[in-house]
Amino acid sequence: LLYKALWNHLERAALAYYKQGGSVRLTESGCLGACSFGPALCVYRHRGGELEEGWYAAADFPLAAKVAQAVHEEAPLPEDRKYGP
């Protein structure tokens, strides 16, 4: 349900990479190592010439939308519920 809700949000807000001005790509994955604290969300992006990672546990729609917006705006990733690098 979270995947579908976030997908719809990216579409409506024109954040999806294939939309004019969009830049966020959403994909499904297997277990991210926090299954007991899921759903999990993982972000990879190039920032400042380096690969940046953001791993989130217990992700809900408000957090996922904040992460997507930060990725789109090239802003710092939220710290709330981060569990990885």
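Colleague: What joins the side chains of Glu52 and Arg45?

Modeller: A polar contact of 2.6 Å joins them. Keep in mind as we go that this is a predicted model.

Colleague: What makes it a polar contact?

Modeller: The cut-off for a pair of N or O atoms is 3.5 Å. The contact between Glu52 and Arg45 is 2.6 Å, so it is within that limit.

Colleague: And where is Glu52, and why is it called buried?

Modeller: Glu52 has its place in strand β2. Buried means under 20% relative accessible area. Glu52 has 19%, so it counts as buried.

Colleague: Let's turn to the rings. How many aromatic pairs are there?

Modeller: The count comes to 5 aromatic pairs. One of them is formed by Tyr3 and Trp7, with ring centres 6.5 Å apart and planes at 15°.

Colleague: Why is the pair of Tyr3 and Trp7 called stacked?

Modeller: A pair of aromatic rings is described by the distance of the centres and the angle of the planes. Planes under 30 degrees apart count as stacked. The planes of Tyr3 and Trp7 are at 15°, so the pair is stacked.

Colleague: How far apart are Tyr3 and Trp7 in helix α1?

Modeller: They are 4 residues apart in helix α1, which covers residues 2–12, and this separates them by about one helical turn.

Colleague: What makes Tyr3 and Trp7 partly exposed?

Modeller: Partly exposed covers the values between the 20% limit for buried and the 50% limit for exposed. Tyr3 has a relative accessible area of 32%, so it is partly exposed. Trp7, with 29%, is partly exposed as well.

Colleague: What kind of aromatic pair do Trp55 and Tyr83 form?

Modeller: Theirs is edge-to-face, with 6.1 Å from centre to centre and 75° between the planes.

Colleague: Which parts does the pair of Trp55 and Tyr83 tie together?

Modeller: Trp55 lies in strand β2 (residues 50–56) and Tyr83 in the segment after α2 (61–73), so the pair ties together parts that are 28 residues apart in sequence. Trp55 is buried at 15% relative accessibility, while Tyr83 is partly exposed at 32%.

Colleague: Which residues do ring pairs link into a cluster?

Modeller: Tyr3, Trp7, Tyr17 and Tyr18 are linked in this way.

Colleague: How do you know that the charged end of Arg25 sits over the ring of Tyr17?

Modeller: The charged end of Arg25 is 3.7 Å from the centre of the Tyr17 ring. The distance limit is 6 Å, so 3.7 Å is within it. There is also an angle limit of 35 degrees from the ring normal, and the charged end of Arg25 is listed as sitting over the ring.

Colleague: Which residues are closest to the centre of the largest pocket?

Modeller: About 680 Å³ of space lies in the largest pocket. Of its 23 lining residues, Arg25, Leu26, Thr27, Leu41 and Cys42 are the closest to its centre. The lining divides into 17 nonpolar, 4 polar and 2 charged residues. As for elements, α1, β1 (41–47) and α2 each supply at least two residues of that lining.

Notes. Residues numbered from 1 in each chain as written. Predicted model: local features only at pLDDT ≥ 70, side-chain atom pairs only at ≥ 80, totals over all residues. Heavy atoms only, no water. Phe/Tyr/Trp six-rings, centres within 6.5 Å; stacked < 30°, edge-to-face > 60°. Buried < 20%, exposed > 50% of the residue type's maximum accessible area, 1.4 Å probe, protein only. 1 Å grid on protein atoms, 1.4 Å probe; cavity = no way out; pocket = protein on both sides within 12 Å on 5 of 7 lines; lining within 4 Å. Points joined across faces, edges and corners; volume = space filled by probe spheres on them. Nonpolar A, V, L, I, M, F, W, Y, C, P; charged D, E, K, R; others polar. Polar contact = N/O pair within 3.5 Å; in protein donor to acceptor, adjacent residues only side chain to side chain.
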